[in-house]
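Trainee: Can you walk me through the pockets and the core of this one? I'd like the terms spelled out as we go.

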Amino acid sequence: LMEFGEYESEDCAKANEVVKQLLEEYEGRIKFNFRHFPLTMVHQRSMKAGEAAVAAAQEGKFWEMHNVLFSNRRNLGTTSLKLHSKEAGVKNKKFLDDLVNGVYGWQVQDDLKEGIDRGVKEIPAFFINNEPLKGKATYANISAAIEEALKKTKKKAPAKQRA
């Protein structure tokens, strides 16, 4: 399960709650990958928020920061991002410097380019086994697509041979 999204989007925040449910429901059966797709024309702070998540990932705190950013999506200025990083458990003393200097901007740009290459136009955009999700990012839609993908992977599994 892959999502292209950003932290200022209300729809992405709603989708994040759906993803949390899905990860619980399908624990151990699916992998989730979040890709940054900041819509900077609409949300000026989404790029730095994505960089903050990547910076937090350097300390293994991506998911903590990811959830803190969604919880505070209306307050994502650079100084606020530093406070959010503390809440997520990030200890890096250079966190603010790294943000200001755009140290992780290239990673967010790479995600954005990948999304554009895949035809992403609106967010959140989900892919299940590289297939774009059709319809809205609801629990029912995504779980139905996951079930379908799980059936396909079971069919591809090699038959067990008898000894």
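Mentor: Grid points are joined across faces, edges and corners, and a volume is the space filled by probe spheres set on the points. This is a predicted model, where local features need pLDDT of at least 70, side-chain atom pairs count only at pLDDT 80 or more, and totals for chains, interfaces and linings use all residues. Residues are numbered from 1 along each chain as its sequence is written, and side-chain values use heavy atoms, with hydrogens and water left out.

Trainee: What volume does the second largest pocket have?

Mentor: Start with its lining of 13 residues, where I128, E131, A145, A149 and K152 are the closest to the centre. The volume of this second largest pocket is about 270 Å³.

Trainee: Which element gives the largest share of its lining?

Mentor: Helices (H or I, at least four residues) and strands (E, at least two) are DSSP runs, numbered from the N terminus. Two or more lining residues come from each of β4 (131–132) and α7 (139–156). The largest share, seven residues, belongs to α7.

Trainee: And how much space lies in the largest pocket?

Mentor: Its lining has 17 residues, with I123, P124, G135, K136 and A137 closest to the centre. Both α1 (10–25) and β3 (125–128) supply at least two residues of that lining. The space in the largest pocket is about 390 Å³.

Technical notes:
1 Å grid on protein atoms, 1.4 Å probe; cavity = no way out; pocket = protein on both sides within 12 Å on 5 of 7 lines; lining within 4 Å.
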